[in-house]
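This report concerns selected local features of one structure. The sequence and the model are shown first.

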Amino acid sequence: MEWYFIVAAAVAAVVVLLILIVFLRAAAFKPRKEKVYPDTVVKCDEQKAISDLAAMIRCKTVSDTDETKEDFAEFEKFEALLPELFPQIYKTCELIRPSKKSLLFRWKGKDSSRCRVLMAHYDVVSVEESLWTKPAFEGVIEDGVLWGRGTLDTKGTLNGVMQAVEQKIKEGFVPENDVYLAFSGNEETNGYGAPAIVVYFKEKGIRPVLVCDEGGAVVENVFPGVKEPCALVGIAEKGLCNIRFSVQGNGGHASAPPAHTAVGMLSRACAEVESKPFPVKLSKPAKEMFDILGRRSTFVYRMIFANLWLFGGLLNKICKKSGGELNALMRTTVAFTQMSGSKGMNVLPPYAEMVANLRLMCGDTVESAKQYLEKVINDENIKIDVVYGMNPSNISETSGEAWEKMCAAISGTWKGVIVSPYLMLACSDSRHYGEISDHVYRFSAMALSKEERASIHGNDEKIPVEKIIQTVEFYLRLISQF
């Protein structure tokens, strides 16, 4: 039996060594030394910033996939308001209109060989007024809070950009390189406003060295074990795909149904897909986020993130079970959103369908996602069609001048935050800029609570006035480096 004790001792030694390695790697997995940026003091016209945003909110610029349903007079009202609020920009900058839903200002610098782009969109999603505590389009300011659709998404950002540029022009500041202010009026409908601007840049041979658009924010309690506020900067965004699953049935009376009805087949397919999620893909944005924030976490989580080679399977199981944002960072997600069948309760449907909304992980494509679903469902009776799809964006760099400028402006505005790359789960206009720039950063210059983030596209969207001011201060710091 000596061999048994030898093997047991060897196994025990390996286990002890493995535990030691895990603990040592976790102990060494500590925050890296942070770069210290010069503290730039800035001050803006606070009352103007607040009142101007309130005026913008009063323009009911609700976009629709069917433009005939839009109130174009409200868009004209918004465009007429801007020169009243920002006369120096209209006097100094060239206004270019690549499309009727594109506003592009060129602020000429000392050297036009390089340029930077500050983005936002001025269209908003619709509201259900009866569910709001305050009117959505009256720009009500009460108890230090501005209420209204667009305060966060993204007239608040547009206001921050315009306030900062207007002030810098008044101060006589001339940027070293050209600065473009790029605003679209149909981002919420995946419209042509931003693509038209990118086409203009391509035709002119312009490749921005920095692009800043909406995206992450300064948030708290979003990463396990990290208590400090984190400024999440999206360096890529997931793709989007809507897929229709349909079954042709024979119809007929429900009193004598076949073994499997059209709705039943679709239900089985839905259950199959939900029980077999897409495989984990640890993208560059997620890796860098885990590396930066994982080092700030508690020791247990540091053990996991420092030893993903060992605990990757455990993390996968945690993500599968919990769902939500952490799971969405790790894989292509599928959300079944619509299903339809017969119009009669006692009638078998001659046709039934369901629709799923997919958010594609970096490395996946519309076609590869469709093929995966076909393989999982494995039912020739179910037809699978792509209704609409776009692949994930390019991944931007997190080193070099452009990234450092973003970090400096963020660190100067929100003291003590941890700046981290992340993968943006939603879509934005900035995805189009991947064709012309390797430095596209998605950061909504605000500190947003969980409640405030939930109000985006929801009810009671609002912003504390001090956050309006901080947004302006961020852009003042960023532009001062241009």
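## Helix H13

Glu401 is partly exposed at 38% relative accessible area, whereas Lys405 is buried at 12%; buried means under 20% relative accessible area, exposed over 50%, and partly exposed in between (1.4 Å probe, protein chains only). The two residues lie four apart, about one turn, in helix H13 (residues 401-413). Helices (H or I, at least four residues) and strands (E, at least two) are DSSP runs, numbered from the N terminus. An α-helix has 3.6 residues a turn, so residues three or four places apart point the same way. The side chains of Lys405 and Glu401 form a salt bridge of 3.7 Å, N to O, the term requiring a side-chain nitrogen of Lys or Arg within 4 Å of a carboxyl oxygen of Asp or Glu.

## Basis of the model

The model is predicted: local features need pLDDT of at least 70 and side-chain atom pairs pLDDT 80 or more, while totals for chains, interfaces and linings use all residues. Residues are numbered from 1 along each chain as its sequence is written, and side-chain values use heavy atoms, leaving out hydrogens and water.

## Other salt bridges

The whole structure contains 29 salt bridges. One of them joins Glu70 and Lys101 at 2.8 Å, N to O. This pair links distant parts of the chain, 31 residues apart: Glu70 is in the loop between helices H2 (46-57) and H3 (72-85), and Lys101 in the loop between strands S1 (94-96) and S2 (102-107). Glu70 is buried at 11% relative accessible area, as is Lys101 at 1%.

## Helix H5

In helix H5, 15 of the 16 residues are buried, so the helix is largely enclosed by the rest of the structure. Just after H5, Gly172 has a positive phi of about 85°.
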